[in-house]
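Subject: Structure for your review

Dear colleague,

Please find the structure below, followed by a short account of what was found in it. I would be grateful if you kept the model open while reading.

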Amino acid sequence: ANVVEPFQHLKGIARRFLVDHGYFEAINYSFIPSKWLDDMMVPEGDHLRKVLRLKNPISEDMTILRTFLMPSLIDTALKNFNYKVQDIKIFEFRNVYYALNNKELPDERLHLAGLIMGKNPYSFGFEKRAFDFLDIKGDVEGLCEALDISSVQFMFPKVPKPYLHPGISSDLFVDGSPVGYLGKLNPAVADVFKIDENVYCFELDFSELVHGVRTEIKAEKISKYPPVSRDLAVIADFQMPVGEIIEKIQSFRNKYLKRVELFDIYFGKEIPEGKKSVAFRVTYQALQKTLKDKEVDKIHKQLASFVIKEGNIQLR
């Protein structure tokens, strides 16, 4: 039998996941025009400008080795768009290169980037709807799930990437380490590339992403006893990310706590200015017995007081 090394196996899983979800793989040159860095609004001194210049480029355009995949993907999307292929899902899985001080050879990193634009050809019903941020976020979440990566966090960027829309983008962390980003292409960049601005994209450092993948398979017993759900509604600052509240709930260590799902966000009437109401469905389940209502009520009450302990979250 052929033994596939774990890293190759993970690359295969990622590729298959994207192809199964309607993406086509693009293969572009590793060299790009240096003006693309300006077109992408990459600031001076940014690590994406640590470029390696080619001594004898194949054309006057292709003068540097690329430090990220995104400009090439935008260019590919644009070419397709001009050939009247306007609903696009593409990805690229290739190395990027950073120049190292005083070293001949660059630092090579394997990146995985994806781009969607236009309308979702797979939407149900007769109306095709335009892609949005949740489509790209769902694909990235699904990819992490397929690779069996736990502790994935989507965080609002502290420093937004200049080529992304500042309000519609997210950084991706695994185990607290940054592994990439996703979001809507900044309309100003879309403008320079003369492309429809309804473009959503992600780019991940693949080795960093799969760094924490569990290689051994851990089986968990499945409970034959019924799950019990309770709702928890809280009021939090409008700016507080929902992910932060979910983490807080999950950090309540209780062996019966199985799942936390967001089902409602509300602001407006009855909610104080600058606040939002967020509601979750919390599911409890035991392996050895049926949980009694009284028992669940008691745990749920403890969970509620645990969540509001620090004062920046109140019960609704």
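A crossing is called left-handed if the near helix is turned anticlockwise from the far one by less than a right angle, and right-handed if clockwise. Helices (H or I, at least four residues) and strands (E, at least two) are DSSP runs, numbered from the N terminus.

This is a predicted model, in which local features need pLDDT of at least 70 and side-chain atom pairs count only at pLDDT 80 or more, while totals for chains, interfaces and linings use all residues. Residues are numbered from 1 along each chain as its sequence is written, and side-chain values use heavy atoms, with hydrogens and water left out.

Helices 1 and 4

Helix 1 passes helix 4 in a right-handed crossing. The axes of helix 1 (residues 6-20) and helix 4 (residues 133-146) come within 9 Å and cross at roughly 145°; axes are lines fitted to C-alpha atoms, for helices over the stretch in contact, and angles run from 0 to 180 degrees between N-to-C directions. Ile13, Ala14 and Phe17 of helix 1 meet Asp139, Gly142, Leu143 and Ala146 of helix 4, where contact means heavy atoms within 4.5 Å.

Asp139 of helix 4 is buried, with a relative accessible area of 10%. Buried means under 20% relative accessible area, exposed over 50%, and partly exposed in between (1.4 Å probe, protein chains only). Leaving out residues up to four places away in sequence, Asp139 touches Phe17, Tyr23 and Lys89.

The sheet and its helices

Four strands form an open sheet in the order 11-12-10-13, with antiparallel pairing; two strands pair if DSSP finds at least two bridges between them. Strand 11 and strand 13 stand at the edges with a single partner strand each, so one side of each has no neighbour in the sheet. On average, neighbouring strands of this sheet are turned by 35° against each other, direction ignored. Strand 10 and strand 13 pair over three bridges, and Ile235 stands opposite Gln314 in strand 13. Helix 8 packs on the sheet and touches strand 10, strand 12 and strand 13. The direction of helix 8 makes about 15° with that of strand 10.

In helix 7 (residues 242-250), the buried residues are Val242, Ile245, Lys248 and Ile249. Seen down the axis of helix 7, these residues fall within an arc of 120°, so they line one face of the helix; the arc is that of the directions from the helix axis to the C-beta atoms. Among the elements they pack against are strand 10 (228-237) and helix 8 (293-307).

Yours sincerely
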